[in-house]
Amino acid sequence: MNRSATELPLQDQLYAYFELDQRVRAMRARLDAALRRRDAQQRKLDQLRQAGDELSAQFKTAQAHAATLENEAASIDQRVNAQRDKMNSATSNKEYSALLVEVNTLKADKSKIDDAQLDAMAKVEALTAETDGLSEKIRAQEKLVEGATREVGEAQTEVGGKLAELEAERDAAAQPLSPEIRKTFDRLSHTYDGEAMAEIIEQDRRRMEYTCGGCFTLLPVESVNALITKPDQLTTCGTCNRILYVSKDLRESLAAK
Ligand SMILES: [Zn+2]
């Protein structure tokens, strides 16, 4: 254990880095999942709140419209009453008839406004019910966001310190690797979602049949031999390009042969 990392064969250096990277990824995945869940719940809440704002604007318009109609109806009532007073003091039939025509016209207008007012009131009521329903949904969604935010906090507490430690360890393990090898590793890691390396799997020792643990293709004997005899060389799968490695047990039993 006191041997410095730079003294280890390349294969072991790479595997140490790979293993730490895997652990970092697994830990980060837990945190990322919690963050994704919270973001999704927050997006839903934002959408509901936006719908709430739109509904509230509609409600205000509908209420203002209903109030305008109410004022118009009241003003027509006043005018009808005024004309009726004039009719009571009319001095001729002609004057009386003229006033009556005016009153009837006003009454017809009033009837239209009454209908419109009923429609407007119904709309206000419907919007009130809709607003209540939406408010309830928003409250429920706020609880979901709260819960998801708590889970993020828990994941951060649980993972946070350990993750930073592990990341530092992984970065230290990357130190002895050359920039070219790091580049190859990172590119494969990106392609295979963190699975830059693949273990070789023994299918049949007598017939020297080994497959790539990443893509399950049969490996040429030379690749297997290179892994055992040239631990300072990068050996990759000819099919999927993943960097191959041999488990300690298999290496020992093959070396003993
Ligand atoms: Zn492969």
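What relative accessible area does Asn241 have, and is it buried, exposed or partly exposed?

Modeller: This is a predicted model: local features need pLDDT of at least 70, side-chain atom pairs count only at pLDDT 80 or more, and totals for chains, interfaces and linings use all residues. Residues are numbered from 1 along each chain as its sequence is written, and side-chain values use heavy atoms, with hydrogens and water left out.

Now to your residue. Asn241 has a relative accessible area of 43%, so it is partly exposed. The cut-offs are these: buried is under 20% relative accessible area, exposed is over 50%, and partly exposed is in between (1.4 Å probe, protein chains only). Asn241 sits in the loop between α4 and β3. Helices (H or I, at least four residues) and strands (E, at least two) are DSSP runs, numbered from the N terminus. The phi of Asn241 is positive, near 75°, although the residue is not glycine.

Next, the zinc site. Cys212, Cys215, Cys237 and Cys240 coordinate the zinc ion through their SG atoms, at 2.3 Å. Donors are N, O and S atoms within 2.8 Å of the metal (3.2 Å for Na, K and Ca); water is not among the atoms, so sites may look incomplete. Along the chain the donors are spaced as C-x2-C-x21-C-x2-C. Their angles at the zinc ion run from 104 to 114°, so the arrangement is tetrahedral. That label asks for four donors with all angles between 85 and 135 degrees. Cys237 counts as buried because its relative accessibility is 1%. Cys240 counts as buried too, at 6%.

Phe216 makes a contrast. At 63% relative accessibility, Phe216 counts as exposed. It lies in the loop between β2 and α4 (221-229). Phe216 also has a positive phi, about 65°, without being a glycine.

Now the strands. Two strands pair if DSSP finds at least two bridges between them. Strand β1 (residues 197-204) runs parallel to β3, with three bridges. There, Glu199 stands opposite Tyr245. β1 also pairs with strand β2 (residues 209-212), antiparallel this time, over four bridges. Glu202 has Tyr210 in β2 as its bridge partner. Four residues lie between the strands of this hairpin, and Met208 has a positive phi near 55°.

At least three residues come from each of domain 1 (8-173) and domain 2 (179-256). The domain bounds come from an automatic or database domain assignment.

How do the two domains meet? Contact here means heavy atoms within 4.5 Å. By that rule, 12 residues of domain 1 touch 20 residues of domain 2. The C-alpha centres of the two domains are 57 Å apart.

Methods: Four donors count as tetrahedral if all angles lie between 85 and 135 degrees; four count as square planar and six as octahedral if opposite donors are over 155 degrees apart and all others between 65 and 115; anything else is irregular.
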